[in-house]
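Have the coordinates open as you read.

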Amino acid sequence: MKNVSNGFVTSLRYFCLVGVIAFGLMTIVATGGGGGGGATENECGDQNLGDLSDPGKPAEPTRTETYPDPEIFLQYDDVNFDVFQKEMHNRTVTVAFANDFDLGNQERKDFSEFVFNTWAVYWKEFGGFPYDSYTILYGYDLPYGDVGAFGRGQETSSARTDYTAHEIYHSWNGNAFRQDGERTWFMEGVTTYYGNMRQQQEGYTYESIMNTFYGYYLDYCNAGQDRPLADMSMNDDDYDHTFVAQKGALVAYLLDKKLKETGHHLGEVARLIYQRYGIESVGRPTNQEFLSAFNEVSGEDFTDFFNKYIYGTEALPLDGSEFEWICHE
Ligand SMILES: [Zn+2]
């Protein structure tokens, strides 16, 4: 840890600030709830995890970016951590809470179940995981600070369901494959949408969070600050960094809804992108390549949708009261 530069630590902390900012108003604590989310979620078969056998391991992403050595980054032991592990698809998923972490014994057990289930839901969507293990450490004063999302795991001080689910999804979307232009709408918007779908915190639901985001979006529009998603990046200092994730999540919902009309869903597109740019190559998909993937999966032409809501700033066709749960099955 000592040989890591401050700059690296900074960028690590920054990687997923959205979770912290977007939900800064919440004061929560993890509520139990292992399995499903809201009632609507349980009406779908998409949360049924199926068998956990080994389907084979896809190739690990090979990247030129500097990643921390997971052997150093994700360290825990049985003395200083309360460790929960589960074998799924021949991978070891580990959730380790520092002894002084502010969660009771039952809450730790419940939250570890939430992590296992979230990982397995995403695994099912992507059809594989390119590493042998996934680890999350919860604690204070961890070597790399508050947040980090790297393919093999993360260290964090925030045991929030939305935030944790967001970071786990980044193991694929953002790590196994990475969008051209860095931290733009597919990477942060789609990931935020998935984090919202796994939302299980007391007093908040998937629908309520999406509605909150819609309110933020209207505020930006009313202030004349809306911008095309294709022009936005969380690395851009010119605007509120959360907007790309919030508007991106709304557009991800609209894409999911439009795909559903064709008998498909957003997970199929993400899976195609993962296979194409995370397994078969390490290219960085462009907006045009995302468009091609949507067209390929749906058999429809999403050009008009992209022109309006990705390249343009046409008002999103939402009224803020109709965020339905879209089954991925
Ligand atoms: Zn993120």
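Begin with T94, whose bridge partner in β3 is T135. Strands here, like helices, are DSSP runs numbered from the N terminus, with E for strands (at least two residues) and H or I for helices (at least four). Before going further, note that this is a predicted model, in which local features need pLDDT of at least 70 and side-chain atom pairs count only at pLDDT 80 or more, while totals for chains, interfaces and linings use all residues. Residues are numbered from 1 along each chain as its sequence is written.

Two strands count as paired if DSSP finds at least two bridges between them. V95 stands opposite I136 in β3. To get from β2 to β3 the chain passes through α5, and this β-α-β crossover is left-handed; it would be right-handed if, with the strands pointing away from the viewer, the path from the first strand over the helix to the second ran clockwise.

Moving on from β3, we find it paired with β4 in the parallel sense over four bridges, with L137 opposite E155 in β4. The whole sheet is open, its four strands ordered β1-β2-β3-β4 with mixed pairing. Because β1 (81-88) and β4 (153-156) each have a single partner strand, they stand at the edges, and one side of each is left without a neighbour in the sheet. From one strand to the next, the twist averages 10°.

Now look at what lies over the sheet. Helix α5 (residues 105-126) lies across β1, β2 and β3, running at about 30° to β1; axes are lines fitted to C-alpha atoms, for helices over the stretch in contact, and angles run from 0 to 180 degrees between N-to-C directions. Leaving aside neighbours within four places in sequence, V115 is in contact (C-beta atoms, placed from the backbone, within 7 Å) with V93, V95, I136 and T164.

V115 also leads us to the largest nonpolar core, where V115, W119, Y122 and A252 touch the most other members of its 73 residues. Such a core is a set of buried Ala, Val, Leu, Ile, Met, Phe, Trp, Tyr and Cys residues joined through C-beta atoms within 7 Å. Domain 1 (6-28 + 64-160) and domain 2 (185-310), with bounds from an automatic or database domain assignment, both give residues to this core, so it lies between them.

How much of β3 is buried? Five of its six residues are, where buried means 20 or more other C-beta atoms within 10 Å of a residue's own, exposed 12 or fewer, and partly exposed in between, with C-beta atoms placed from the backbone.

Terms used:
Two residues are in contact if their C-beta atoms, placed from the backbone, lie within 7 Å.
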